[in-house]
Amino acid sequence: MTGIILALLLVPLFSALLVFSIPNTRKELFRPIGIVFSLITFTQSMYILFSDYSKSDFQILFRFEWIQVYGLEINLGISGMSTLLLLLSSLLVLLSLLSIGKDHSESKGFIGSILTLHFAINGVFISGDLISLFIFFEALLIPMYFLMGIWGGDNRRYATIKFILYTVFGSIFIFIGTVYTAVISYGVNARLAVDFETLSNLQISASQSKTLFLLFTFGFLIKVPIFPLHTWLPDAHVEAPTAGSILLAGILLKVGAYGILRVSIPFFTEGFLEYKNLVAVLSVIGIIYGAIVAIAQIDIKKLIAYSSISHMGYVMLGISAGEFLSIEGAIIQMINHGITAGALFMLVGFIYERRHTRNISSFGGVKISMPRYAAIFLFTSFASIGLPGLNGFVGEFMILMGSYSSYKVLTSIAAFGVVLAAIYMLWTYQRVFTGPLSNEENKNLQDLNLRETVSIFPLVLLMLFIGIYPSYIESFVIQEAGNLSETISLFRSTK
């Protein structure tokens, strides 16, 4: 299994270097190479899915003594939650490469940046210590900077700088927290050990726990993003190329929530109990705020961006409640949102390639000229809303049920967000797809071709599969959710 863990890093990195080394005269090779190596990584993720580690708590499987005299190590490992996120990232990278148009598919920098981003994403989810987590967390910025800054929209410079400034600002707090934790560890163990095994046994005071929780969680919450730290997200989504938006919504937004579940709660639980109510309130504000602002949007892509703020609010509400069912639902909702949001951004990209506009008023009656596209968009919209029988319902229902015992009023308010989600998604569908074909430019639109259908079909299949058979995905997160809720209950009983 150690070889597979290392391959999750080395294969994407090697493929990126290979693409960058190919001359521009052989541009027809860029996408095929990216797809082949992404398929290899996806296969490796599937292998882990059926291994003994796929349903366990985090297990460190690889250690590298980096600076031995100080006890600094690089640790890599896997858990049930990591397995699902690795599989999701591998699938979305593969489908993103398959879905992009000719201009981007023949760009060495574009394909290489996506593969480099895949390397960094995998690194975050298999990191077994704070140092490697911070390194890979920062490494995400580099390829995303180029994807947005070079291949983004007209206002890409503003959006890219805003994205970088917000994320780097949050990373400063994570870095300070990492250094502070290492100093505490040195005082106890006489070495700067910050691997997860050492931290799980590290005795820290209540004040230290609260301080460290604030440092790490603030940095992670910017990445979620939670209200009011969300303002970078709509601009980033609107200006990012389609593949960038797919990966940003599908994977990068999960990094923040993952960090809270992996670091903030298990190692600084007293701090979590002190500030969880504040996080819960901000989460519910984000749910309602994101949904209301989404209703007012005239750009489809910006509408989906604000809906992501609302949906990630549910994830943070479930985490804040700290109950077994709510944490389990939050992890599942992270996966579900990655699937539905990735699919929606992909679908918007398809129609943008045909019409070069995302303005809702420019459409109307599109289901007449693009019936297959309209059917898939409606299906994905239902999944995003949380229609019973589809994947979006599973996570949100578990979060609301699990959170109610801790936050009755907040959960009741959050439930209203489901109604608002139905309003903005169905109203958008009505304006874009129903009615007569009043705009001449929409009459000759071609329906989805084979490449586009193949790109979106796995995500549609997953929406249906998880909605019908949620216990399958639930089995991978039961142990981690149980351990987290047990840790919270233990600290709560001693306060």
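Helices (H or I, at least four residues) and strands (E, at least two) are DSSP runs, numbered from the N terminus. Axes are lines fitted to C-alpha atoms, for helices over the stretch in contact, and angles run from 0 to 180 degrees between N-to-C directions. The model is predicted, so local features need pLDDT of at least 70 and side-chain atom pairs count only at pLDDT 80 or more, while totals for chains, interfaces and linings use all residues. Residues are numbered from 1 along each chain as its sequence is written, and side-chain values use heavy atoms, with hydrogens and water left out.

**First selection: two helices**

Select residues 232-239, helix H11, together with residues 242-267, helix H12. Two packed helices are described by the angle between their axes and the distance between the axes. Here the axes come within 8 Å and cross at roughly 145°. Contact (heavy atoms within 4.5 Å) is made by Trp232, Leu233, Ala236 and His237 of H11 and by Ser245, Leu248, Ala249 and Leu253 of H12. By class, six of these residues are nonpolar, two are polar and none is charged. Nonpolar covers Ala, Val, Leu, Ile, Met, Phe, Trp, Tyr, Cys and Pro; charged covers Asp, Glu, Lys and Arg; the others, Gly among them, are polar.

How many salt bridges does the structure hold? There are eleven, each being a side-chain nitrogen of Lys or Arg within 4 Å of a carboxyl oxygen of Asp or Glu.

Select Lys27 and Glu106, whose closest N and O atoms are 3.7 Å apart in a salt bridge. Lys27 sits in the loop between helix H1 (2-21) and helix H2 (30-49), and Glu106 in the loop between helix H4 (102-105) and helix H5 (108-126), 79 residues apart. In relative accessible area, buried means under 20%, exposed over 50%, and partly exposed in between (1.4 Å probe, protein chains only). Lys27 is partly exposed at 39%, and Glu106 is partly exposed at 27%.

Next, select Arg358 and Asp299, a salt bridge with closest N and O atoms 3.3 Å apart. Its partners lie in loops 59 residues apart: Arg358 between helix H15 (324-355) and helix H16 (366-369), Asp299 between helix H13 (269-295) and helix H14 (300-321). Both Arg358 and Asp299 are buried.

Then select Arg354 and Glu452, which meet in a salt bridge of 2.7 Å, N to O. Arg354 belongs to helix H15 and Glu452 to helix H20 (residues 450-468), so the pair ties together parts 98 residues apart in sequence. Arg354 is partly exposed at 21% relative accessibility, whereas Glu452 is buried at 2%.

Finally, select Arg63, Glu73 and Glu197, which are linked in a network of salt bridges.
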